[in-house]
Each structure stands twice: as structure tokens, then as C-alpha cells.
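Dear colleague,

Please find the structure below, handed over for your review. My notes on strand pairing and aromatic contacts follow it.

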Amino acid sequence: MKDLLKRFEEKTPEIVFEWNDPETEAEGWVVINSLRGGAAGGGTRMRVGLDRNEVESLAKTMEVKFTVSGPPIGGAKSGINFDPSDPRKQGVLDRWYKVVTPLLKNYYGTGGDLNVDEIHEVIPITENYGLWHPQEGVLSGHFNVRENERIHQIGQLRYGVSKVLEDLQYTPDLKRKYKVADMITGYGVAESIKHYYALFNGQAAGKRAIIQGWGNVAAAAGYYLSQMGVKIVGIIDRVGGLINASGFDADEIKSLYLSRKGNSLHAAELLSFEETNARIWDVPAEILIPAAASRLISKEHVTQLVDNGLKVISSGANVPFSDREIFYGPVMEYADQQLSLIPDFIANCGMARVFAYLMQRNVEMSDDAIFSDVSNVIQRALANIYRVSPEKTNISSRAYEIALEQLV
């Protein structure tokens, strides 16, 4: 596996597009690792300090993810080095999408990512520059659909991603009008835990979980886990945290989900980040969901958690471990050898899978059909790993081997 991984990591990306904004200090990159299958896909992110190397790493991560979620295309990513809280953000995004529109027309599909919203930013801005949908390039480059078919499939994409959830099985509140894009990635992370226990002899109900983060992915994962009977015993967010060794019940977690301030945890009894960080890694729990920023989980965190009963990690964030390597660094390898580690390209493939599902012809557009499809894809990926070996450790190693054999 490591030889395959090294060859994949060291392969030069097929296309790198570099941009310097003429009106601000913003700089950006589109990295297309390959045009496998005639197209490539990957979202657009923005943060201060982002560089080309990070975008290249994420493009390669997307290529691996597509081996699970489909379609069988190359990995790509867009990244902009700029402060997303700057009031000039809208102008930066507008100029960015203007210059990358030719790529998005022909062979590259994008969406939202860190600090860039799919529904409120990506779709309306790209629409202004003549795109019917920011995934149009995948339909052109990979599916090679004729104009009349493209209109139909783009209609599915436009409707499906922004669809307001109407089924109480999938939304915490009908009045809030949560959309598929708001909930689907966190749902997939929670489903990966359910399927892991079903495959490896056990059940998720009654287990204890720690959630890192409380943004869209983390909070949704916590909500869905609590609905299946998992006890959330700790939440650590950048603004603070909560710890309850007995576990918050499903109604309490639902309330914490609904009371978020933006993407942040909000509660009257909120502990400081410093106090939470000092205590939470020693709280007994079987499940960890790292779903905040990348590269935050250290070897020391893993050791402390394992000493207190941790059995499984489901990676809500891309590359959650504090490794320099793109994929399988020493901290991730250590975790993989100590417990059951579900890698990011399986656990958080929900949004990528929704795009793939909606690009098919004449699919069912109900909440249940969309969410069940994501669940089934994640279950199949874990079942493939289990068939190679039912061993509870080295799950990520086996997952990478299965994926890389398709790419290298």
C-alpha cells in the first residue's frame, strides 16, 4: 500500500491554474490532479495562509474519494488565500469565478468547501457567468451528454443540492428549511459509524462519542448519532466546549444543533476552549468524530483516547491528523494500528456522492432516496474492506489499497 501511495502522491498534477487578484492581495489556484474519465471535480475553499501545496494535496484526496463516491473522474480543488471575513470577499469570489468559468464549462466541476457556501455563493456567482450549474464541466467532460440531456441532469443537480428537507427522519426542524447540502456530509459520517458496528459485530446505540467541531459536518454528525442512540459525552469547538460524562440525550443535542451561532457551538454552560481542551481527551468514549479543521489530532490525543476506551474514529474532516504527509502519515498510521479508523474519503464522501447520484438519468428526488443512496455507498465501501479482512485495525490501510489499485 505504501508503495502505491508514494507513487500516487509524487505524480505531478496534470493542470495547475494560478491567479492573482488585480484588486486585492488574494491569490488562488485550481489544481486538477488528472482528467481521469475526461473530467475532474473538487470544491472551492478560502482561508488565510492557504497555499498551492494544500490545494494539490486536496486535489489528490478528491481523486481517492471519487473511487468510493463516483463518478470515476479525476480529483481537483480550488483554493483562495484570502480572509473570508474580509468585506471584499464577494468581489474576490466574483472575479475568481469569472476567470475559471472556461474550466467549469468544459471539464471541471466545483462546489462549496471551507468558508465558501455552495448555495449562497458558488451557484449564484457561476450562474452570472453563464453556467447552469458549477458541476456542468463534469457532465460535459465525463458524461459527454447531449444538450437536451444536460438540461435535464442540470435540473436534477440544481434541485437536489438545494432541496429543502421535508422528511423528519433527516431534518431536525421542518420550519428551519434545512437543505440537502446542509446535512448530507454529517449524515454520511454518522452512517459510517452505524455501518462499522453492523459489520464488525456490534451496534452504535449506547456507545459514547466525542465530537471535534460544531460546524455543518460536526454538528450534523452529532445530531444523527444521537438520533441512533449514541451518547455524546463531549464537544470541543473553537469557541469552547461541553463535557457530560453521562452523555447528552438526543433532545439536548438537537437543541445544541438548533442553537448554533453560524457554525459555532452556543450554550449557556459553555466551557472555555482551554478548559475543554485540557479535559476532553481523557473523557471515556468509544467513538471520536474529528470534524473541525484539518491536521488537529496528535499522537498524544490518540494515545489518551485509546487509554480511555476509544475504539473507532470516523474522519469528518479531511486529513484530521497532524501529519505533514498528504495521506497516510505517522500519526494516522499509529491511529490505524491502535483502533478502527474510517478514512475521510469514505466517511465524508456524502456531498461528492450526492453530485454523482444527481448526475444520473431520471433518479428519484426524495429525501429518503438521496440520503439512502449515500448510506448505501458508504456501507459498500466498508463491506469491501471487511471482505479483505475482518480485522478491526488497519482499516484505513486496506481502504487506501483498494482505492489506489484503481488509480495507479
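Two strands are said to pair if DSSP finds at least two bridges between them; helices (H or I, at least four residues) and strands (E, at least two) are DSSP runs, numbered from the N terminus. The model is predicted, with local features needing pLDDT of at least 70 and side-chain atom pairs counting only at pLDDT 80 or more, while totals for chains, interfaces and linings use all residues. Residues are numbered from 1 along each chain as its sequence is written, and side-chain values use heavy atoms, leaving out hydrogens and water.

Strand β4 (residues 44–47) pairs with β5 in the parallel sense over four bridges, and M46 has I80 as its bridge partner in β5. Strand β2 (residues 27–32) pairs with β5 in the antiparallel sense over six bridges; there, V30 is partnered by S78. In β5 (residues 74–81), eight of eight residues are buried (under 20% relative accessible area, 1.4 Å probe, protein chains only).

Across the whole structure, a search finds 16 aromatic pairs (ring centres of Phe, Tyr and Trp, the last by its six-membered ring, within 6.5 Å; planes over 60 degrees apart count as edge-to-face). W19 and W96 form an edge-to-face pair, 5.4 Å centre to centre with 70° between the planes. Because W19 lies in strand β1 (residues 15–20) and W96 in helix α3 (residues 89–106), this pair ties together parts 77 residues apart in sequence. Both W19 and W96 are buried.

Yours sincerely

Notes: Buried means under 20% relative accessible area, exposed over 50%, partly exposed in between (1.4 Å probe, protein chains only). Rings of Phe, Tyr and Trp (its six-membered ring) pair if their centres lie within 6.5 Å; planes under 30 degrees apart count as stacked, over 60 as edge-to-face and the rest as tilted.
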